[in-house]
Amino acid sequence: MIDVFGLALPFLRLLDAEDAHRATIAALKLLPARRPPENDPRLAVSAFGLDFPNPVGLAAGFDKNAEVADAMLSFGFGFVEVGTLTPRAQPGNARPRAFRLMEDRGVINRYGFNNEGHAPALARLSARHCEERRDDGIVGVNIGANKDAADRVADYVEGAKTFADVASYFTINISSPNTPGLRDLQEPEALSDLLARVIEARDAAPVRRPLLLKIAPDLSLAQLDGVVRVARARRIDGMIVSNTTISRPPTLRSSLAKETGGLSGAPLFDLSTSMLAQTYLRVEGQFPLIGVGGIDSADAAWKKIEAGATLVQLYSALVYEGPGLVERIKRGLILRLEQENISLAALVGRKAEAFAARG
């Protein structure tokens, strides 16, 4: 199949970053339905009680309103995470709020959870579940809180209740740097209360959905200790490491590097991978991890798995590589598995101590 989106990349880069994203979503909505490509069984992963056809997922932020989940699955992703979704629609921060750091293959955004709210996304996800197909792919729902919410924890509880019938799993997003005060929910007391209330709502639903927690890469190791301690005590199903960073590596070359917001893409790889390894060592196998941040090749995905990731997610690399990247990563992983005569499961965390030490 011709990679139409790969061919369109030079033209999309002529547009403002957010306009290019909107144009991409609009084009994806026009694609005819098609089945995902077949996956090599050696890439299959079981985690959180779910069976993933391959470990490469689409991170939250791309499909904010659950408009193109099936289209993205058709490019070969093993799973897709939609959102972040808040109970009520909100515009997010003022534009411009997304910037390509071309020289660094990075992105800075300060969107601020712009989305249409729960209702439209629920209608779309419900519609795809009503169709006569049970192999419709794994679609997680990333839930957040409205900026002006009087009780932000209540917003997360509402998300768990609203999407209980249609989410393959939930991700609690308390690590975006673009909603003031949101990261305070990573503090142990606040986090414990949040998880307790969301788990109570999740467990009251007819079907128990896995619950994941997405953390920031900017936590100190002492803060990470507290987060993992609470996550283990509350027996969540997994963690996603990590969200964007507010730090700026000294190696950045782009003139846009000083823009306010979260940095993602290649410049995030080292920090997020070190945080992933540190988290893996603290979790001690109690639950699996998803590694995110700077994955733009099979080699990068391989290193994330070695650092402790059972699954991986990407988003920013699509800006530079297009969706054909997914199949290239999968082919590269198979080649490495053959060369080293190893399984994905045996690869997970085998170099965690080394990656942790690099931090």
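**Figure 1. The surroundings of Glu81 in the predicted model.** In this predicted model, the side chain of Glu81 forms a polar contact of 3.0 Å with the side chain of Gln313. Glu81 belongs to strand β4, which spans residues 79–85. Although Glu81 is buried, no salt bridge is found for this residue. Lys214 provides the nearest side chain of opposite charge, at 5.1 Å, and a salt bridge would require a distance within 4 Å. Beyond neighbours within four places in sequence, the residues in contact with Glu81 are Leu58, Ala59, Ala60, Gly140, Asn142, Tyr169, Thr171, Ile240 and Gln313.

Figure 2. Strand β13 comprises residues 311–314. In a regular strand, side chains alternate between the two faces of the sheet. In β13, Leu311 and Gln313 point one way, whereas Val312 and Leu314 point the other way; all four of these residues are buried. β13 pairs with β3 in the parallel sense through three bridges, and Gln313 is the bridge partner of Gly57. β13 also runs parallel to β12, to which it is joined by three bridges. Here Val312 of β13 is the bridge partner of Gly291.

**Figure 3. Asn54 in the loop between β2 and β3.** Asn54 is located in the loop that lies between β2 (50–52) and β3. With a relative accessibility of 0%, Asn54 counts as buried. A polar atom of the Asn54 side chain lies 2.9 Å from the backbone nitrogen of Val56. When residues up to four places away in sequence are not counted, Asn54 touches Asn39, Leu43, Gly76, Phe77, Gly78, Phe79, Leu311 and Lys330. One of these, Leu311, is also a residue of strand β13.

**Figure 4. Nonpolar cores.** The largest nonpolar core contains 98 residues. Within this core, Met72, Tyr156, Phe163, Ile172 and Met239 have the most contacts. The contacts of Ile172, residues up to four places away in sequence being left out, are with Ile143, Tyr156, Leu194, Leu195, Val198, Leu211, Leu212, Leu213 and Lys214.

**Figure 5. Two cis peptide bonds.** Arg95 and Pro96 are joined by a cis peptide bond with omega of about 0°. Pro96 lies in the loop between β4 and β5 (98–101). A cis peptide bond also joins Val241 to Ser242, with omega of about 15°. Ser242 is placed in the loop between β10 (238–241) and β11 (262–265).

Figure 6. Ala66 is not a glycine, yet its phi is positive, at about 55°. This residue is found in the loop between β3 (56–58) and α3 (69–73). The relative accessible area of Ala66 is 6%, and the residue is therefore buried. Glu284, likewise a residue other than glycine, has a positive phi near 55°. Its place is in the loop between α8 (269–283) and β12 (289–292). Glu284 has a relative accessibility of 60% and therefore counts as exposed. Ala66 is thus buried, whereas Glu284 is exposed.

Note on methods: Residues are numbered from 1 along each chain as its sequence is written. This is a predicted model: local features need pLDDT of at least 70, side-chain atom pairs count only at pLDDT 80 or more; totals for chains, interfaces and linings use all residues. Side-chain values use heavy atoms; hydrogens and water are left out. Helices (H or I, at least four residues) and strands (E, at least two) are DSSP runs, numbered from the N terminus. Buried means under 20% relative accessible area, exposed over 50%, partly exposed in between (1.4 Å probe, protein chains only). Lys and Arg count as positive and Asp and Glu as negative; His and the chain ends are not counted. A polar contact is a pair of N or O atoms within 3.5 Å; within protein, one must be able to donate a hydrogen and the other to accept it, and residues adjacent in sequence count only if both atoms are side-chain atoms. Contact means heavy atoms within 4.5 Å. A nonpolar core is a set of buried Ala, Val, Leu, Ile, Met, Phe, Trp, Tyr and Cys residues joined through side-chain atoms within 4.5 Å. Two strands pair if DSSP finds at least two bridges between them.
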